[in-house]
Each structure stands twice: as structure tokens, then as C-alpha cells.
Amino acid sequence: FLGGAQSVGFDDIERVEVLRGPPGTLFGKNASAGVLNIVSKKPGDEFRGFFDFTLAEGVEVRARGGISAPIIADRVSAGITAMASHYAGNVRNVFDGEKVNGFDRYGVRSRWRFTPREGFELLLTGDYVWSKDTAPQGVVTRTFLTDFPTNAVRTFPAFATALQPVTAGEENRRINSNYETNVEDENFGLAAEANVEFAEHTLTSITAWRGWNNTQLQDQDRLAGPIIGVAQLHDVGDLNFRQWSQELRIASPADQRLSYVAGLFWFEGKNREDYRRETTVLTATARQVTNGVALYGVTNRNLAVFGEANFKLTQRLKLIGGLRWVRDSVAYDFARTSSSPVADAGLQTAFQAA
């Protein structure tokens, strides 16, 4: 499961299932508290389509649509959905005059359904989404300094002066930042699902691969430049995540007195993260620039065997039994370097932001 991929905004949904927990005895990766299962429509033998357009206050534009149609009658059908949205934002950066706290998102997904013979179905799915959000590091409502390590709080008039022409306050909707804070995401994936019917049973194979690239730029000091007492902190973070999964599942007919599901599940996810910070310290006589870099990664592997059986004692009473065996392994690495010749305890600056 890839959380970053769930903001795609497609709207070709057949049904939403709220499943009791734990569903780990039925399919997929374990989830002890239950599952919200969103099922997309399969391409079929009839042409269908939809389109939705929204124009909201503040010039927020959203559009999405899709079509589905047979390619070869009773053999091949395909569908494609796409979406796009734009919002300039509702916060003004006085440093460059641009609006921030907005977004741009574009995406496409295609599904192909092959049924070359009775009792066999193959579904192929591919999707790609790009998004950029310009949420600022914070809109300053008031300023103060927290001394480290005593945590003593005191006023900081120098910061209020450096923030001008922006005035901190509860109604403030402006920033003064010399660094474009934003988050850029790429989400993409491929999946293949095969269903084969034999001897009144259904054998299902699901093979999937997903990727997520994330780049973050953050102006931690929220100012147009360094001032004495507050270092300029500019951060860049890059994350690359890939995951693979394979599931094999067999299911008996559900209308028998004894019905069951059994399967195997394998999952592997890897992420590499690279975070860099450039720190500029200004004093009455000098300007010092240092850089710090943190490199780390995590690899998760999951292997599981699961199964569940249902036995109908009467029309109104049923016995349910299930089990899941899981083996998890996690490996990680971490390295951090800095060009600063000394440890920087200094002052920790805090701002209350909305």
C-alpha cells in the first residue's frame, strides 16, 4: 500500500466495500482493523463515459473524465480515465509577488480486459499522476524565540522587523520568503490480475508494482534572508520509493455448505531518502554558510500464508475459522555528514503558524 498514491482524484468507481477485520485471512496484506476496499469499474462490452468539470471560488479548476469501450467483441475491452486540477493559492509571497498555497495535479489511468475464452480473465492496469503543491512552511501569526536547552520563551522584535512588509497576526495571509517552498510528487504503477475458473473454483493471481518520487523544498526560517539571531535554513528532500507484490489465491464456490479461501502473499518495498540543509548564519562581522546531508533507506519484506473457512450449521448460523502466518523483515541504513566545523546548539526558533 502506497499512501502517497491515494490522492489521484479518479472517479471511475464501481463500489466501495467496508470489510470486517481482520481481512488478512482473505486476501492481500494484513490489516487487523478492517479494510476500505475501493473497486474500480472493469471495461465491458458496452460503451460508457463520464465527464465532470468544477470551477470554484478563487479560480480553482477541476476536471476529470473517462471512456470505456469494447475493442474486440467478447474478447478485448479497454478504458481510460484522466484528471487535471489547478488552484493558484490564497497566500501572497511579497518577496516575488507570487501566490502560494495552491496546487497543480494531472493524471491518467488505463485498464485493459482480456477474455479470450470462457473461465479466463486478464486485467492490466497502468496509472501515472504528477502533482505540485505550494503550501508555505507557515503563515506567521506571531513570533517568539525559544532558548535551547532551557526552553525559555521571549519576544523577538528583530524577526518582526525582518518580516516586513508582512505583519504577523491572526488575519495574516502573506509571507516574505526567498525560497520557493513546495512539494512535487510522481505516482505510477502497473498491475496484472488473472482469474481462472476450474473445477468450480477460482484461482486468482495479482502482480503489482508501484513507484513514488517525492521532492520537498522548505524555507524553514520563513524570511527573505538571514538576520542576526536567526539562521537562514533552506531544505531539499528527495524520496524514491518502489514496491512489488505478488498474491496467489484460490476460492471455492460461496454457495456451498463448506466454503473456503486460501492463498500466498509476498511484498517488498524499498525507499531511498536524501535530505540536505543549507544553513546561513549572519553575525555583526561575518556570514557563514554550512551544509548538512542525511542519506538513509529502508527495505521491508513480507511473506504470508492465509486462509479462511466457513461452515453453515443452519440457514442463520455459520462457523468461521481463519489463520494467517506472517514473516516480516526490515533492513535500514543511515549516514549523515556536515560541513560545519562545530556542533550548532544555538537558538531554536519557533513560530506559531496557521
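## Arginine 154 and its partner

Arginine 154 is partly exposed, at 38% relative accessible area. The model is predicted. The side chain of arginine 154 forms a salt bridge with that of aspartate 147, at 3.1 Å from N to O. Aspartate 147 has a relative accessible area of 17%. The cut-off for buried is under 20%, so aspartate 147 counts as buried.

## Other salt bridges

The whole structure holds 17 salt bridges. One of them links aspartate 133 and arginine 105, with the closest N and O atoms 2.9 Å apart. Aspartate 133 sits in strand 9, and arginine 105 sits in strand 8 (residues 103-114). The pair therefore ties together parts that lie 28 residues apart in sequence.

Aspartate 274 and arginine 276 form another salt bridge, and their closest N and O atoms are 3.0 Å apart. Aspartate 274 is partly exposed, at 23% relative accessible area. Arginine 276 is partly exposed too, at 31%. Elsewhere, Glu14, Arg15 and Glu17 are linked in a salt-bridge network.

## Serine 77

Serine 77 belongs to strand 5 (residues 76-87). Is serine 77 buried or exposed? Serine 77 is buried, because its relative accessible area is 2%. A polar atom of its side chain lies 3.1 Å from the backbone oxygen of proline 43.

Which residues touch serine 77, leaving aside neighbours within four places in sequence? The contacts are Pro43, Gly44, Ala69, Pro70, Ile71, Arg111, Trp112 and Arg113.

## Leucine 124

Leucine 124 lies in strand 9 (residues 120-133). Leucine 124 is partly exposed, with 33% relative accessibility. Beyond its neighbours within four places in sequence, leucine 124 contacts Ser110, Arg111, Trp112, Phe114, Ala191 and Ala192. Phenylalanine 114 is 10 residues away along the chain, and the two C-alpha atoms are 8.5 Å apart.

## Strand pairing

Strand 17 (residues 287-312) pairs with strand 18 (residues 318-338). The pairing is antiparallel and runs over 21 bridges. A hairpin of five residues joins strand 17 to strand 18. Leucine 295 stands opposite alanine 335 of strand 18. In a regular strand, side chains alternate between the two faces of the sheet.

A separate topic is the open sheet of three strands, in the order 7-6-12 with mixed pairing. Strand 7 (99-100) and strand 12 (174-175) are at the edges, each with a single partner strand, so one side of each has no neighbour in the sheet. Strand 6 (residues 91-93) runs parallel to strand 12, and two bridges join them. Asparagine 93 has isoleucine 175 of strand 12 as its bridge partner.

## Nonpolar surface patch

Which residues form the nonpolar patch on the surface? They are Trp244, Leu248, Leu264, Trp266, Leu303, Val305 and Trp325. Together they have about 630 Å² of accessible area. Strand 15 (232-251), strand 16 (258-282) and strand 17 each give two or more residues to the patch.

Leucine 248 is one of the patch residues. Leucine 248 is found in strand 15. Its relative accessible area is 39%, so leucine 248 is partly exposed.

Key
Residues are numbered from 1 along each chain as its sequence is written. This is a predicted model: local features need pLDDT of at least 70, side-chain atom pairs count only at pLDDT 80 or more; totals for chains, interfaces and linings use all residues. Side-chain values use heavy atoms; hydrogens and water are left out. Helices (H or I, at least four residues) and strands (E, at least two) are DSSP runs, numbered from the N terminus. Buried means under 20% relative accessible area, exposed over 50%, partly exposed in between (1.4 Å probe, protein chains only). A polar contact is a pair of N or O atoms within 3.5 Å; within protein, one must be able to donate a hydrogen and the other to accept it, and residues adjacent in sequence count only if both atoms are side-chain atoms. Contact means heavy atoms within 4.5 Å. Two strands pair if DSSP finds at least two bridges between them. Patches are made of residues with over 30% relative accessible area and no salt bridge: like charges are joined within 9 Å, nonpolar side chains (Val, Leu, Ile, Met, Phe, Trp, Tyr) within 5 Å. Accessible areas come from the Shrake-Rupley method with a 1.4 Å probe; for residues, only the protein chains shown count as cover. A salt bridge is a side-chain nitrogen of Lys or Arg within 4 Å of a carboxyl oxygen of Asp or Glu.
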